[in-house]
Amino acid sequence: MNKTIIITGGAGFIGSHVVREFVHKYPQYHIVNLDALTYAGNLENLKDIQDFPNYTFVKADITDAGHILDVFRHYRPNGIIHLAAESHVDRSIADPSAFVMTNVIGTVNLLNAARDIWKDDYRGKRFHHVSTDEVYGALGDTGLFTEETNYDPHSPYSASKASSDHFVRAYHDTYGLPIVITNCSNNYGPNHFPEKLIPLCIHNILNNKPLPIYGDGKYTRDWLFVIDHAKAIDLVYHQGKDGGSYNVGGFNEWQNIDLVKELCKQMDQKLNRPEGTANKLITFVKDRPGHDLRYAIDATKINQELGYQPSVTFEQGLSLTIDWFLSNQVWLDNVTSGEYQKYYQEQYSK
Ligand code: NAD
Ligand code: TYD
């Protein structure tokens, strides 16, 4: 194996797809999945590749600077792809501290460890920071986020991600650390943790529970199939310009209410239930504080510079996602037992 890449957060939703993509596509790379296995981390997501010779799992918490340095000195990676994060906006509203610790301090610990092992000799090295479009704040009814849009985060989650992006750029500008940043729109797909809108609604439809829509449901998000995000990360990691950032998206905006209705329609068909059954579960609930009205990515740069294009339409991706959840109900049952019940109760009983 001629290269070692540490992928942080590889046991989570997006990270597990990135790990799988790299393990399969690059047998000559040693892929080290570094993850603390929080509530969102699940090694079940990687059962199919866990015995591959080019894959290693290391349990480590990125807030533990000493341990991270030991792991980096041991594996001496050429590349880092950093996805580990606290990722759910509603949890950040309930308790921002963990978001500061993991997303800000944890990222700085990784940057310091990379500098330590690379000793300012950066040939063949790269630190790829995976971020979100939420750092740009909220759009009105028109316009798109470009790479030049000013940062204007509103939630504790997006503030912590914006801060981590700034640190990554600062290490490039100050120490010359070779970095790239990707800012992606909302992802969906297999292994999505059911605290987020789409898997939460799939889980609730299966259990005939209300589908909680915040406010009037007119909030808009731009959705990308998770495997298409993993492919974009591969492309930018290998071909993105040093110090650059790339927005990742598929020009696919949906108002929450329309998206949930499309999901209900597909679920009724797949479950052989009369049309309109799932729709009856739609329930408007109290809005999220500081709720960003609209996110929409201008993905022109990654398309024109690197030739990136998503591989599936939203309808195809949603269908694949529902099929995955229907075939993996044990996975869903496992992640929704225990702590999830307490979270759900606290989040939705207000
Ligand atoms: P996730 O919550 O599903 O997974 C996060 C992973 O990070 C988990 O495996 C968890 O165990 C691990 N982790 C958390 N804290 C850690 C710590 N202190 N040390 C080590 N590991 C830790 O998140 P996701 O949705 O897969 O998001 C991955 C990344 O992509 C995040 O950085 C997120 O900001 C970014 N992102 C997510 C989306 C989205 O729609 N989900 C969109 C754009 C960008
Ligand atoms: P979410 O999946 O939490 O992603 P993000 O907040 O990062 O965009 O939410 C997507 C949209 O769905 C967002 O506008 C909030 C809304 N939403 C609901 O209406 N009800 C819910 O129960 C959840 C979790 C989200």
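Q: Let's take a polar contact as a pair of N or O atoms within 3.5 Å; within protein, one must be able to donate a hydrogen and the other to accept it, and residues adjacent in sequence count only if both atoms are side-chain atoms. How far is the side chain of Asn256 from an oxygen atom of ligand 2?

A: An N or O atom of that Asn256 side chain is 2.9 Å from the ligand 2 oxygen. This is a predicted model, where local features need pLDDT of at least 70, side-chain atom pairs count only at pLDDT 80 or more, and totals for chains, interfaces and linings use all residues. Residues are numbered from 1 along each chain as its sequence is written, chains are lettered from A and ligands numbered from 1 in the order written, and side-chain values use heavy atoms, leaving out hydrogens and water.

Q: What about Asn186 and Arg288?

A: The Asn186 side chain also has an N or O atom 2.9 Å from an oxygen of ligand 2. For Arg288, a polar side-chain atom lies 2.5 Å from a ligand 2 oxygen.

Q: And how much of ligand 2 does the protein cover?

A: 98% of the 510 Å² of accessible area that ligand 2 has on its own (Shrake-Rupley, 1.4 Å probe).

Q: Which residues come nearest to ligand 2?

A: Glu134, Pro212, Arg288, His291 and Tyr348, out of 18 around ligand 2 (a heavy atom within 4 Å).

Q: Switching to ligand 1: which residues are nearest there?

A: Ile14, Asp35, Ser87, Tyr157 and Lys161, from 28 around ligand 1. A side-chain N or O atom of Tyr157 is 2.7 Å from a ligand 1 oxygen, and a backbone N or O atom of Ile62 sits 2.9 Å from a ligand 1 nitrogen.

Q: Which element gives the most to the shell around ligand 1?

A: β5, with 3 residues (strands are DSSP E runs of at least two residues, helices H or I runs of at least four, numbered from the N terminus).

Q: Where is β5 in the sheet?

A: Between β4 and β6: the open sheet has 7 strands in the order β3-β2-β1-β4-β5-β6-β10, with parallel pairing (at least two DSSP bridges per pair). β3 (55–59) and β10 (245–248) are at the edges with a single partner strand each, so one side of each has no neighbour in the sheet.

Q: Which helix lies across β5?

A: Helix α4 (residues 97–118) lies across β5 (126–132), as well as β1 (3–8) and β4 (79–82), and runs at about 170° to β5. Helix α5 (residues 156–175) packs on the sheet too, touching β5, β6 and β10 (heavy atoms within 4.5 Å). Angles run from 0 to 180 degrees between N-to-C directions of lines fitted to C-alpha atoms, for helices over the stretch in contact.
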